[in-house]
Amino acid sequence: MNPEFSTAAATVTVRRRHGGWFVAGVAAIVTVMVFVVAPRASSAPDGLEKVAADTGIDRGERAHALGDGPLADYAVSGIDDTTWSTGLAGAAGVVVTMAAATGLAWVAVRRRRSPSSVTDAARPA
Amino acid sequence: MHIPDGFIDGPDVTGAGAVAPPASASASGAATTLDERQVPMIGLTASFVFAAQMLNFPVAAGTSGHLLGGVLAAVLVGPWAGAMAVSVVLLVQGLLFADGGLSALGLNVVNMALVGALAGYGIFRLLRAVLPRTHAGVVTSAGIAAALAPVLASIVFCVEYALGGNGAVGLGRVAASMIGVHVLIGIGEGVITAMTVSAVIATRPDLVHGARDLAAPVVAPDAVAVAR
């Protein structure tokens, strides 16, 4: 199948299948996840942290280089209320992750669609 | 499962240098397989995985686990794009949330993004080949592959520990503890992945990469007209 054809077909599909409702649904679910569930999530150490504490494989651990950042450890510094602090940090992470992943994917698609202009340098002579 | 700075050190095993090969591999893999309409889905998948990774569930006394998301992402958007999506999550977590050491970013990308989205997706494909060619078969395959991914990741962690671990404990004890707890975490990973894939299939089956061979030809009439 030729690529122009499949792209055109795909665009038609997305428009016709009301992608907006799907995006809105995911946004609603993710909002509940970060503002409602995340503040109530287990604060016990995760599998690796627990094993590290039990066995001492963390003896070389160094403090995180960005451990003083405004969102470090999924809390907004300056907001004492756990629910809001966790929820807002999570929302910020969701937005940044969405933007970064979408941007990267968009760049990848553009590279594929114009191979001659981008990958010349990478081609073997 | 996010390795902090200083757990594992060694030449050429850790650090920013180790991020480049897997990151560029998944980016170029993604670049050759991506379809334009997948771009928003990749963003949605990455942000869902980020949110899901915040939801630690208890697995045993004093221990929790959370979704890693590699198999989920791969089933939704394909293995390469899935590896890219989870890598973005790990990068954001390391830079903004102090979760996962910056010097261990390469290890974390290997353990969570590549093991899940590439090896885990391989298991998914194998299961799909033997299970019924139905949406239920897709959901079951995704759940089982996802349940195995954290176990695989814990085994890979043990290899990394053997190569450059800073602990004084023997590999056997680390392996027994790590693999044991990740068998339990894998159950949660499998359940969450199966539920999520099932929900997307119920609403937009055309958006599930791992089920596209089952998709009805929803675009056929218009697409043929457009192509002509």
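These legends accompany close-up views of a predicted model. Local features need pLDDT of at least 70 and side-chain atom pairs count only at pLDDT 80 or more, while totals for chains, interfaces and linings use all residues. Residues are numbered from 1 along each chain as its sequence is written, chains are lettered from A in the order in which they are written, and side-chain values use heavy atoms, leaving out hydrogens and water.

**View 1. The largest nonpolar core around B:I42 and B:F157.** This core (buried Ala, Val, Leu, Ile, Met, Phe, Trp, Tyr and Cys residues joined through side-chain atoms within 4.5 Å) has 92 residues, and B:I42 and B:F157 have the most contacts inside it. Helix α5 of chain B, residues 105-130, gives the most to the core, with eleven residues; helices are DSSP runs (H or I, at least four residues).

**View 2. The surroundings of B:I42.** Look for contacts (heavy atoms within 4.5 Å) with A:A101 and A:A105 as well as with residues of chain B, including B:L34, B:V77 and B:M84.

View 3. A salt bridge (side-chain nitrogen of Lys or Arg within 4 Å of a carboxyl oxygen of Asp or Glu) joins B:R128 to B:D213, with the closest N and O atoms 2.8 Å apart. B:D213 also pairs with B:R133, at 3.2 Å. B:R128 is buried at 5% relative accessible area, B:D213 is partly exposed at 37% and B:R133 is exposed at 55% (buried is under 20%, exposed over 50%, partly exposed in between; 1.4 Å probe, protein chains only).

**View 4. The salt bridge between B:R204 and B:D206.** Here N and O are 2.9 Å apart; B:R204 is buried at 6%, and B:D206 is buried at 12%.

Key:
Helices (H or I, at least four residues) and strands (E, at least two) are DSSP runs, numbered from the N terminus. Lists of a residue's contacts leave out its neighbours within four places in sequence.
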